[in-house]
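Student: I am new to this structure. Please take me through one part closely.

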Amino acid sequence: SFGDTDAQREVRQNDRGYVFHSWSAQGAINPLPIAKGEGATFWDYDGNEFLDFSSQLVNLNLGHQHPGLVKAIQEQAGRLATIQPAMANDVRGELAKRIVEHSFEGARSVFFTNGGAEAIEYAVRLARQSSGKRKILSRYRSYHGSTGTAITMTGEPRRWANDVIDGEVVHFFGPFVYRSAFWATTPEEETERALAHLEQQIQLEGASTIAAIVLETVTGTNGVLVPPPGYLPGVRALCDKYGILLICDEVMVGFGRTGEWFAYQAFDVKPDLVTFAKGVNSGYVPLGGVVISEEIHNAFVDRPFPGGLTYSGHPLACAAGVATFDIFEAEGILERVRDLGARVVEPRLREFAEKHKSVGEYRGTGLFWALELVVDRETHEPLVPFNAAGEAAAPFNAVVAACKAAGLWPFAAGNRLQIAPPLVISEEDLVRGLDIIDAALDVADSYYTG
Ligand code: PLP
């Protein structure tokens with residue numbers, strides 16, 4: 001029924017009639033009905049085509065309908081569609097093995113979950129249960145998921161309405177040179193001051209009470225914040241000094257987004273626990289998990305781990321995860337991410353920053369970038385205020401609307417256009433999408449007041 005407007009209407013009717021949507025006032029939304037997807041492109045039922053620069057929710061790393069992923073799920077469904085987690089299963093074991101083999105030195109095992117928030121919940125539980133300590137330090141400008149502890153750990157407005165589900169979470173500021181919390185002007189200064197601040201906070205909270213420090217290796221939705229040189233090794237050193245575990249949240253950046261299997265691999269840092277989801281199988285079947293160090297694993301060799309999920313290590317999801325490793329290798333995905341990021345995206349964004357006065361800063365790595373839109377380059381005043389809604393958000397919404405009208409589905413967050421296309425996007429499509437953003441930035445420029 002592709003192209004059939006009646007079908008489009010019917011999908012809308014049932015959606016607005018019966019589906020309760022996340023993060024939304026139910027009366028104020030009009031979700032776009034999607035009929036089909038292929039690679040980096042999806043279509044509505046009227047045949048309107050969108051190039052996806054957001055990989056859905058930054059999960060669709062291998063694009064829509066990748067034949068290798070579809071085949072792996074179909075074959076697994078024909079063989080054994082489900083099996084409970086207390087039994088051993090071939091694809092579950094194979095996927096855990098491949099993840100461990102591609103992880104940090106000393107990685108020992110994987111606990112599988114149904115998604116990212118659960119991965120965070122279980123990483124925290126592993127940290128608390130193995131250390132005997134309770135407190136968790138997480139950063140402002142972070143998103144860790146919408147379940148109890150994960151939403152409390154989140155350091156942005158989505159937490160506010162849910163405060164405080166877990167009373168043993170404390171937030172700290174990480175590095176962000178463009179909007180420094182430490183009056184720093186260089187990455188070196190920012191690293192030094194952010195680490196000094198964190199050390200004071202550890203001392204004042206009490207190292208003996210802190211189980212873990214949790215951070216997104218490269219902050220995702222809150223701005224594509226790439227850690228400045230020395231920051232992550234510095235956090236690791238503080239963790240070692242004070243006997244605290246380090247959890248890297250790689251739900252958004254794991255599995256190729258930054259051109260590495262895991263983003264931490266580019267930053268000379270060894271975590272104790274790593275959360276993943278999204279890219280592990282591009283979200284074809286819900287899957288997440290935690291990579292566990294030998295030391296933490298060994299804490300549960302003689303005593304039982306108190307936790308579990310009916311669908312932990314679901315065979316359909318794991319089959320797609322194993323296929324993901326095969327596809328990454330066969331198609332040279334990590335190499336192409338690094339190449340496209342450095343050769344196509346970075347130079348073009350540099351050009352945007354020269355040409356468009358509304359681009360206060362561009363930053364990123366691999367196929368993960370952000371354009372920080374401002375009305376004044378001197379003051380760094382954002383195009384729209386922090387957490388803007390309604391009329392206040394209109395300038396940014398106009399930029400997003402210009403992208404969509406030209407057939408580009410952007411990753412829009414706050415005052416930022418973020419760029420996170422499927423890792424399989426063709427160079428031609430990547431350039432076409434950047435051309436659309438180039439034109440949409442004229443709209444952003446029209447609001448410039450500086
Ligand atoms: N952690 C990070 C860094 C994320 O970006 C997300 C989702 O966007 C989550 C955790 C939560 O994952 P999920 O939505 O699968 O629960």
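By class, how many nonpolar, polar and charged residues does the shell around the ligand have? And what can you tell me about the core?

Tutor: This is a predicted model, in which local features need pLDDT of at least 70 and side-chain atom pairs count only at pLDDT 80 or more, while totals for chains, interfaces and linings use all residues. Residues are numbered from 1 along each chain as its sequence is written.

The shell around the ligand has 7 nonpolar, 7 polar and 2 charged residues. Here Ala, Val, Leu, Ile, Met, Phe, Trp, Tyr, Cys and Pro count as nonpolar, Asp, Glu, Lys and Arg as charged, and the others, Gly among them, as polar. That is 16 residues around the ligand, and Gly115, Gly116, Ala117, Gly145 and Val251 come nearest. A residue is near if its C-beta atom, placed from the backbone, lies within 6 Å of the molecule. Helix α5 (residues 116-131) gives the most to this shell, with 3 residues. Helices are DSSP runs (H or I, at least four residues), numbered from the N terminus.

Now the core. The largest nonpolar core has 120 residues, and Ala123, Ala212, Leu273, Val290 and Ala320 touch the most other members. Such a core is a set of buried Ala, Val, Leu, Ile, Met, Phe, Trp, Tyr and Cys residues joined through C-beta atoms within 7 Å. Buried means that 20 or more other C-beta atoms lie within 10 Å of a residue's own. Helix α10 (residues 315-330) supplies the largest share of this core, 10 residues. Leu273 touches, among others, Ala123, Val290 and Ser293, not counting residues up to four places away in sequence. Contact means C-beta atoms within 7 Å, placed from the backbone.

How values were computed. Helix = DSSP H or I, 4+ residues; strand = E, 2+ residues; numbered from the N terminus. Buried ≥ 20, exposed ≤ 12 C-beta atoms within 10 Å, placed from the backbone. Contact = placed C-beta atoms within 7 Å.
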